[in-house]
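This report describes a few features of one protein model.

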Amino acid sequence: MSPRTSEQDRRLAAIEALVCRDLGRRTQELIDANRGGLADAARSLATAGKVGLITGFFVPRGDVAAPETDGPVGTALLAAALAACGVPARIAVDTPNVEAVRAAVRATGESVAVDEIALGDDGAIEEMARRWRQEKLSHVVAIERCGPSADGRPRNMRGVDVSPWTAPLDTLFEGGDWAKLAVGDGGNEIGMGKLPAGLIARHVPNGADIASVTSCDHLVVAGVSNWGAYGLMAALAVLRPDWQPVIAKFLTAERDLAVTQATVDDAGAVDGVTALREATVDGFGPEIHGPLVDKLGRIARGEGAD
């Protein structure tokens, strides 16, 4: 192993250790079973020619009905970073979540196309898959996007059937011969079918009901799905030094907070755990997310993985 490869591997391992850790959801067994998945996903994405991304998770709870902050933020920043590096990127999202994605994209300052798909319009999904195939997308990345469980119904972590607010974008994800990457944090997202359903059932609350059956080529099991997107960005900077200065501009605590705040202010997004309309993600505020993102940025710049 060359010294360069060894240093790359060390930095990639440090990135995975930061973003792929259990934050109280009993997902450590899932993370352990997918060890090395982030580096593998990043190595694949580093070869991308054109990328499609899929995100959006709706929160219907009591008097709250809104998209959540986890997913659109990381997706928009990853897409913006790729676009700024010269890799065309576009995001597909269903109508209940589209304004959160649009707000996030605007806040990145980059021009990234957002493809809206209306609920109940399965023909639109088929047409979108056809267009993505025509455009010769090389990779499709699903980030915090609910996937169907064994009975075909998508469920949130509480086991609630969210199909009334969720278009079957898993069919778009599977609709081409592109490399399929996925980021999730709980077992019910597109791509988590790469792991044994029994493993999810044993180690995640409501796992037997929520486990997604949609698989993928490369999976990232993160503590927070936005973190998984940031981990991919940092890993791309390690693997593609020519991209590093560009990616570093998007991988900062200030960017993370600004984009999160935009989804709340402009689209009424809520924290998926607390259901509160505030700039937090999965119950954690900027005092938790910010230092992690800044540390990823330092690793990406080669300033130390310790």
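## Aromatic pairs

Trp165 has a relative accessible area of 29%, so Trp165 counts as partly exposed. The model is a predicted one, and values such as this are computed from its atoms. Phe58, in contrast, is buried, because its relative accessibility is 9% and the cut-off for buried is under 20%.

Which aromatic pairs does a search of the whole structure find? There are two, and the table lists them.

| Pair | Centre to centre | Angle between planes | Type |
|---|---|---|---|
| Phe58 and Trp165 | 6.4 Å | 15° | stacked |
| Trp132 and Trp178 | 6.1 Å | 70° | edge-to-face |

The type follows from the angle: planes under 30 degrees apart count as stacked, and planes over 60 degrees apart count as edge-to-face.

Where in the chain do Phe58 and Trp165 lie? Phe58 belongs to strand β2 (residues 58-61), while Trp165 sits in the loop between β6 (139-143) and α7 (170-173).

## Helix α13

Helix α13 covers residues 286-300, which makes 15 residues. From first C-alpha to last, α13 reaches 20 Å, close to the 21 Å expected at 1.5 Å a residue. Its buried residues are His289, Gly290, Leu292, Val293, Leu296, Gly297, Ile299 and Ala300. In an α-helix there are 3.6 residues a turn, so residues three or four places apart point the same way. After α13 comes Gly302, which has a positive phi, near 80°.

## Ser44

Is Ser44 buried or exposed? Ser44 is buried, because its relative accessible area is 14% and the cut-off is under 20%. This serine is in helix α3 (residues 37-45). Leaving out residues up to four places away in sequence, Ser44 touches His139, Ala179, Leu181 and His218.

## The largest pocket

The largest pocket holds about 390 Å³ of space. It is lined by 20 residues, and those closest to its centre are Arg25, Met157, Arg158, Gly272 and Val273. Sorted by class, the lining has nine nonpolar, eight charged and three polar residues.

Conventions
Residues numbered from 1 in each chain as written. Predicted model: local features only at pLDDT ≥ 70, side-chain atom pairs only at ≥ 80, totals over all residues. Heavy atoms only, no water. 1 Å grid on protein atoms, 1.4 Å probe; cavity = no way out; pocket = protein on both sides within 12 Å on 5 of 7 lines; lining within 4 Å. Points joined across faces, edges and corners; volume = space filled by probe spheres on them. Nonpolar A, V, L, I, M, F, W, Y, C, P; charged D, E, K, R; others polar. Helix = DSSP H or I, 4+ residues; strand = E, 2+ residues; numbered from the N terminus. Buried < 20%, exposed > 50% of the residue type's maximum accessible area, 1.4 Å probe, protein only. Contact = heavy atoms within 4.5 Å. Phe/Tyr/Trp six-rings, centres within 6.5 Å; stacked < 30°, edge-to-face > 60°. Expected span 1.5 Å × (residues − 1).
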